[in-house]
Amino acid sequence: MKTVHSITRRAFHRVRCLVNGICLACTWTVSTLERLRMLSLSEIYTKLRENEAFDLLRRPRVMANYALSRWEIERQPTLMISQPTGAEIELTNRCNLACTQCLRSKGLKPYRLGDMAFDSYQKVLAQFPYLLNLSLNGFGEALMHPRLFEIVSYTKQLRPWLKVGIYSNGTLIDDDKAARLVDCGLTEINVSIDAATVGTYKRVRRGGRLTDVHLGLRRLLHARALARSRLPMVGVNFVLLNDNRGELVPFIEQAAEIGVDFVNCISYASYDWGFRNQRAASDYQRELEAGRRRLGELGLRCKSFPSADLSWTTAERRFSCDHFWRALRVTFEGELTLGCCTPFKEQYTYGNLLEVPFESVWNDAPLQRNRALAAHGTPPTPSCSSCDRFGKDFFREEELRHGLPIVS
């Protein structure tokens, strides 16, 4: 009886999945048209040109999957018909620095250190045929991987339309690496700096020197100019910390003087790695407004700038996270995790892609369960709960200490 009941339940589940799949598949055409209407032809051309991704126009299935993926991310179904359009593949989790806002400075090591083998990378990449955006990062410095340039070249030959980027601390960019970063076909490199003075950089990015980073950026831009190439696009990042108060504007001015293509990201240190904010919301807002004005005055593009909306720090905020539908990371050992800033893979591992195929994991019971919980505003895992609490308490300690009104 139990066996019959189990078979009946499985059959019902398959029928329900099939019906859901047909309904979702029937909407992708409408979704594609809606997406195209949102972008002008000049905007589409600009995006394709910036990433040298015109080959994408010859991949209608990839474009259709993107439209369906965006539609599903907005609606957050438990069962996903589309495949991921973006992912992180961690080539290494080794790093040459110990930044104060990083888990390494707190003695946190989510798993053993190591590099992904080239054949493992090939096996993992093959399981994501619809990617548009690939970051070769996780919790490490990509330039420390011994076969980084070979991996990037292989990826671009296999998927010419794919945007392949890395995040780096920039301390290892010598003349040879600068030339190879240009030659390998990398689309974008974003260098995290978080300081504008030598003293602050030494405190927040322990083990590195700001002068080396600036020199590395100049080397890379010079190598790109010599090659008469547009790529890789070069960006810089600034995380707002306790120790770098007042340095956002000079950071922006230095970026403009060096000649980078953009500031990729200005952000709060809003991840639960042990960082504890000691700055009031008004302090952040004043510095951000000054930074926004300076960006405009210098004509320097910023891809990601914090919103003035601080509702993410309010206690009443409903849990909201779309990572279960769109943001994935594969660790150097092949474990499939969420592509968020929570490092503890034991809470997030959904399977090892060197042992099981991605298709069997993407809609397996654990991910479906967590999607259902997240869609209803419930943190699916203890790490999600910790992240949620951290955001809500981000300003609370400072405000209570000084008797300031709680952000609302």
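This is a predicted model: local features need pLDDT of at least 70, side-chain atom pairs count only at pLDDT 80 or more; totals for chains, interfaces and linings use all residues.

Trainee: Why is Arg286 called exposed?

Mentor: Exposed requires a relative accessible area over 50%; Arg286 stands at 57%, so the term applies. Salt bridges with shared partners join Arg286 to a network that also holds Arg245, Arg279, Asp283 and Glu287.

Trainee: What makes the contact between Asp283 and Arg286 a salt bridge?

Mentor: The limit between side-chain nitrogen and carboxyl oxygen is 4 Å. For Asp283 and Arg286 the N to O distance is 3.9 Å, and the pair therefore qualifies. Both residues belong to helix α10 (residues 281-298), 3 residues apart, or about one turn of the helix.

Trainee: Is Asp283 buried or exposed, and why?

Mentor: Buried means under 20%. Asp283 has a relative accessible area of 15%, so Asp283 is buried.

Trainee: How do you know that Asp175 and Arg219 form a salt bridge?

Mentor: Their closest N and O atoms are 3.4 Å apart, and the rule asks for a separation within 4 Å. This pair links distant parts of the chain, with Asp175 in helix α6 (residues 175-183) and Arg219 in helix α8 (residues 210-226), 44 residues apart.

Trainee: Which accessibility classes do Asp175 and Arg219 receive, and why?

Mentor: Asp175, at 56%, is exposed. Arg219 has 27%, which falls between the limits of 20% and 50%, so Arg219 is partly exposed.

Trainee: What makes Glu333 and Arg112 a link between separate parts of the chain?

Mentor: Their side chains meet in a salt bridge at 2.8 Å, N to O. Glu333 lies in the loop between β9 (328-330) and β10 (336-338), and Arg112 in the loop between β2 (98-99) and α4 (118-125), so the bridge ties together parts 221 residues apart in sequence.

Trainee: Why are β8 and β10 called edge strands?

Mentor: The open sheet has 8 strands in the order β8-β7-β5-β4-β3-β1-β9-β10, with mixed pairing. β8 (262-268) and β10 each have a single partner strand, so one side of each lacks a neighbour in the sheet.

Trainee: How do you know that β1 and β3 are paired?

Mentor: Pairing needs at least two bridges. Strands β1 (residues 86-89) and β3 (residues 133-135) have 3 bridges in the parallel sense, so they are paired. Glu88, for instance, has Ser135 in β3 as its bridge partner.

Definitions and conventions: Residues are numbered from 1 along each chain as its sequence is written. Side-chain values use heavy atoms; hydrogens and water are left out. Helices (H or I, at least four residues) and strands (E, at least two) are DSSP runs, numbered from the N terminus. Buried means under 20% relative accessible area, exposed over 50%, partly exposed in between (1.4 Å probe, protein chains only).
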